[in-house]
Amino acid sequence: MTAEILYGKPIAAATEEEVRQRADRLADRMGRRPQLTAVLVGEDPASQVYVRNKENACRRAGIDGNVLRLPADVSQSRLLETVESLNADHAVDGILVQLPLPQHIDEREVLDAIDPLKDVDGFHPLNVGLLAQGRPRFVPCTPLGILELLRMHRIDVAGKHAVVVGRSDIVGKPMALLLVQRKSAIPGGPDNATVTVCHSRTPDLADIIRQADLLVVAVGRPRVVNGDMVKPGSVVIDVGINRVDGKLVGDVDFDSVATVSSAITPVPGGVGRLTVAMLLKNTLAAAESRSL
Ligand code: NDP
C-alpha cells in the first residue's frame, strides 16, 4: 500500500483566505483589523522562528500581528504586568505567550493570567474546562488543525479506535478530548472515536499503536513509530518536529509507515502549517465575538 499524503499547506492557504475575507469585513464594520499580540521572552532560536512564521501568516490573512519582545531575565511580575496590560488593551483581540518560557518563570501562572476571552492558544483553564465539557470556545491550535485536516480529507473516526501518543496540555490531551466528543468541535468534523492515550510510562506501546485506526503521534522524538508498529490501512498523523543532522523530521518514520498506512502527514508540510492557520482562525473568532 502507498499512503495518501495529507498536506497541510493547501488547507492552511484556504483558511488564511477565509480569515482574510472575514477580517476585511470586520475592518469595514469596526474600523480596525483583528489584532494578535505575541509575547516572546528571550532569544530561543526555535521560538523566534515560530513567532516570525506567525507574524508572516497574520500579514497574509489581514490580521495585525504584534510581537512584544522581553529579555530572557525578565521577572515573573514584569511578565504578569505585561499580560495584564494586554488584557486591558481594547485594541488587542488575541494574546499568545510563546512557549517555552525561561526556567525561572512560572509558566502556569502566566498562562492563567491571560484573559480567557483573548486566549487564542486555548491554554487557559477555563477554555480547557469548556473543551472537556464538550462546549469548546478556543481550542489549542495543533489539535484543531488536525481536526480540520481530517474533515477536509473526509476521514471519519466515529466508532474507530484512535490512539494518541503523548499527553501534553498543548497537543496530546486536547487531541484526545476532541476525538472523543459526541459532537465535533468543528461543523462536519470528526467525533465519536474510541480513544486511547499513551505516554512514556505506557507498557507495550507498540501493541497499542498496532490497534489504531487513527494514530496521532506527539512525542518529540524522531522516528519512535515505524512501519512494523502500525495497522495496515490506518491514518497516521505526525505532530513531531525534530531536527536531525540539520533536517526536520517527525516522530514517525515516514518511509516505512507510508508503505503500510492508508494516509500520512509529512514533516515538514503537514500539521505545522495548520497550527498557525488555526491561530489566525481563533484570533478572528476572538475579534468577532468582542465586536458583537
Ligand atoms: P511534550 O514534551 O510536552 O510531550 C511529549 C509527550 O510524549 C509526553 O506526554 C511524554 O510522556 C510522551 N513521550 C515521550 N517519550 C515517549 C516515548 N518514548 N513513548 C511514548 N510517549 C513518549 O511535547 P509536545 O506535546 O509539546 O510536542 C510533541 C512534539 O510535537 C514535539 O516534537 C513538538 O515540537 C511537536 N509540536 C509540533 C507542533 C506543530 O505545529 N506541528 C505544535 C506543538 C508541538 P510523559 O508525559 O510521560 O513525559
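This is a predicted model: local features need pLDDT of at least 70, side-chain atom pairs count only at pLDDT 80 or more; totals for chains, interfaces and linings use all residues.
Helices here are DSSP runs of type H or I with at least four residues, numbered from the N terminus. Helix 10, which spans residues 271-290, gives the most to the shell around the ligand, contributing 3 residues. In total, 20 residues surround the ligand, and the closest are Arg 167, Ser 168, Ser 200, Arg 221 and Thr 275. By residue class, this shell divides into 10 polar, 8 nonpolar and 2 charged members.

An oxygen atom of the ligand lies 2.5 Å from a polar side-chain atom of Ser 168. The side chain of Arg 221 places an N or O atom 2.8 Å from a nitrogen atom of the ligand. As for the cover provided by the protein, the ligand taken alone exposes 920 Å², and 71% of that is buried by the protein.

Val 49, Tyr 50, Ile 241 and Leu 248 make a nonpolar surface patch of about 310 Å². Of these, Tyr 50 belongs to helix 2, which covers residues 45-60. Tyr 50 has a relative accessible area of 35%, so this residue is classed as partly exposed, a label that applies between 20% and 50%.

Gly 227 sits in the loop that runs between strand 7 (214-217) and strand 8 (235-238). Gly 227 counts as buried because its relative accessible area is 11%, and the cut-off for that class is under 20%. The C-alpha atom of Gly 227 is 8.1 Å from that of Ser 261, although 34 residues separate the two along the chain.

Arg 78, in turn, is found in helix 3, made up of residues 76-88. Its relative accessibility is 39%, and Arg 78 is therefore partly exposed. Between the C-alpha atoms of Arg 78 and Val 244 the separation is 36 Å, with the two residues lying 166 positions apart along the chain.

Notes. Residues are numbered from 1 along each chain as its sequence is written. Side-chain values use heavy atoms; hydrogens and water are left out. Patches are made of residues with over 30% relative accessible area and no salt bridge: like charges are joined within 9 Å, nonpolar side chains (Val, Leu, Ile, Met, Phe, Trp, Tyr) within 5 Å. Accessible areas come from the Shrake-Rupley method with a 1.4 Å probe; for residues, only the protein chains shown count as cover. A salt bridge is a side-chain nitrogen of Lys or Arg within 4 Å of a carboxyl oxygen of Asp or Glu. Helices (H or I, at least four residues) and strands (E, at least two) are DSSP runs, numbered from the N terminus. Buried means under 20% relative accessible area, exposed over 50%, partly exposed in between (1.4 Å probe, protein chains only). A residue is near a molecule or strand if one of its heavy atoms lies within 4 Å of it. A polar contact is a pair of N or O atoms within 3.5 Å; within protein, one must be able to donate a hydrogen and the other to accept it, and residues adjacent in sequence count only if both atoms are side-chain atoms. Ala, Val, Leu, Ile, Met, Phe, Trp, Tyr, Cys and Pro count as nonpolar, Asp, Glu, Lys and Arg as charged, and the others, Gly among them, as polar.
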